[in-house]
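Here's a walk through one protein model, starting with its open spaces and moving on to a helix and some charged pairs. Keep the structure open while you read.

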Amino acid sequence: MTSNKDKEFDLFITDLNGNLRGKRLPANAVAKVFEEGVKLPRSVLGFDFWGDDVLDNGLVFETGDMDGICMPVTDAAIPVPWAEEPRDQIMAMMSNPDGTPFGCDPRQVLAGVVKRFKGMGLTPVVATELEFYLMDSESEETQRPKPPVLSEGHGRRLSETDCYSIDEMDGLSAFFSEVREVCEIQGVPADTIISELGPGQFEINLMHIDDPLMAADQAILFKRLVKGIARKHGHSSTFMAKPYADKSGNGFHVHFSLLDEAGNNVFDNGGEEGTDVLKNAVAGLMHMMPDSMLTFAPHLNSYRRFMAGAHAPTFASWGYENRTVAIRIPESPGVARRIEHRVSGADANPYLVLASILAGALYGIENKLMPPAPIEGDAYAEGDGELVLPTKWDQATDLFSGSDVLKEYLGEEFVRVFSAAKRQEQRKISEQISDIEYESYLGLL
């Protein structure tokens, strides 16, 4: 049995792909870490998805692969209750050696956008909704998704869509009970749980919070705890955007509003339509959406979500209480008037998703843009022209890397390094021969 004296802790930063990178340290190093931080190469944040250096990003040989300083972003270590051997974790953010923000840390990218809002006397209030699939434990071994068997006396394997099913959640009650418990321990404000459109697909909403950095931290913690608890209960889990070709994909919806210095919601005008500031934000989001697609859909598989009728938007659109649009204004009391951004996949990096959304809103507010008329009815039937979103990974990368607006709001260094990582990933995948090529051609040509 491990004593507190022997207890270890993980210190990690989140790289541009949303993967956690860091070190496992002995418990007696905690005080020093909170005082001095931990050194890691700055290039770690610019790794490709598989953890390889990206030599084209300018962070490796050109800088001597210099270290950055990773400082904790919480006041204390956070328990990891599902671990076989008890340990803690510490989330961190990287700065340059001179203490200035390192522009390729996703958390620093988001912090920069929030700072611009604060300079205008505005505070973003954010809530996230993350979808995921629970799968059979053998899914990780076979690298193919397989729905889980319900426990708690049910004994059947999920196979069909059963949206909003209470029976599905009853059959997995031990898993969800521990998710609730660990969320409370880790300070992750979990709210409603629903079963979604796919077999074994669920969504857990996190409550609104007036700190976007903390909201993104909580999303990172949530994704990690779901994976850990699923394994503990004999399941597997995934936030992959489209694990089943013929089933619903995993989305990552974001709700946000803006408070002024007196705590008033600047989107609320007492009516259902919202203020001009809300419409400015909507217009900015629509304008920047095609260029920002790479942060909302960062991987090859991400683009399998985007097809007409698949509950993922295919062009930049908005409307009131309309789930076919990219930007929805939900029906709500005026004090809760807000924007719901419905583009991102659950595979995206929460820091970069929030940074891109808030940057788009800020761009629209600063430039007093106004959107076209809101869409009523089926938005999938109306998309055309420049508002169409890129549905290919390389197209999204080209738009992202060439965007002057994103360079202004998110930083030139970040845009360069993220683009380089995506291009390297695209090259690596293009060099692989797929299973369907072998199955189709090997014995017939």
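Helix α6 gives the largest share of the lining of the largest pocket, with six residues. Helices and strands here are DSSP runs (H or I of at least four residues for helices, E of at least two for strands), numbered from the N terminus. The pocket has a volume of about 2000 Å³ and is lined by 49 residues, with F49, Q143, T238, M240 and N301 nearest its centre. α3 (138–142), α6, β10 (235–238) and α11 each put at least two residues into that lining.

How is a pocket found? On a 1 Å grid over the protein atoms alone, a pocket is an open set of points with protein on both sides within 12 Å along at least five of seven lines, while a cavity is a set where a 1.4 Å probe fits but cannot get out; lining residues have an atom within 4 Å of a point. Points are joined across faces, edges and corners, and the volume is the space filled by probe spheres set on them.

## What kind of model this is

This is a predicted model, where local features need pLDDT of at least 70 and side-chain atom pairs count only at pLDDT 80 or more, though totals for chains, interfaces and linings use all residues. Residues are numbered from 1 along each chain as its sequence is written, and side-chain values use heavy atoms, with hydrogens and water left out.

## Helix α6

α6 covers residues 212–232, and at 1.5 Å a residue its 21 residues should span 30 Å, which agrees with end C-alpha atoms 30 Å apart. That expected span is 1.5 Å times one less than the number of residues. Of the 21 residues, 16 are buried, so α6 is largely enclosed by the rest of the structure. Buried means under 20% relative accessible area, exposed over 50%, and partly exposed in between (1.4 Å probe, protein chains only).

At the N-terminal end, D211 caps the helix, with a side-chain oxygen 3.1 Å from the backbone nitrogen of L213. Just after α6, G234 takes a positive phi of about 80 degrees.

## Salt bridges

Count a salt bridge when a side-chain nitrogen of Lys or Arg is within 4 Å of a carboxyl oxygen of Asp or Glu, and you get 21 of them. One joins D10 and R87, with the closest N and O atoms 3.0 Å apart. This pair links distant parts of the chain, 77 residues apart: D10 sits in β1 (residues 8–14) and R87 in β6 (residues 87–95). Both D10 and R87 are buried. D15 and R21 also pair up, at 2.9 Å from N to O, and both are buried too.

In α11 (residues 412–430), E425 and K422 are three residues apart, about one turn of the helix. Their closest N and O atoms are 2.7 Å apart in a salt bridge. E425 counts as buried at 1% relative accessibility, and K422 is buried at 0%. Elsewhere, E321, R323, R328, E340 and R342 are linked in a salt-bridge network.

H253, in β11 (residues 252–259), is buried at 8% relative accessible area. Not counting residues up to four places away in sequence, H253 touches A127, T128, E129, E340, H341 and R342 (contact means heavy atoms within 4.5 Å).

There is one cavity of 30 Å³ or more, and the largest cavity holds about 40 Å³ of space. Its lining is F12, T14, M91, A92, D105, R107 and Y351, with β1 and β6 each supplying at least two residues.

Key: A polar contact is a pair of N or O atoms within 3.5 Å; within protein, one must be able to donate a hydrogen and the other to accept it, and residues adjacent in sequence count only if both atoms are side-chain atoms.
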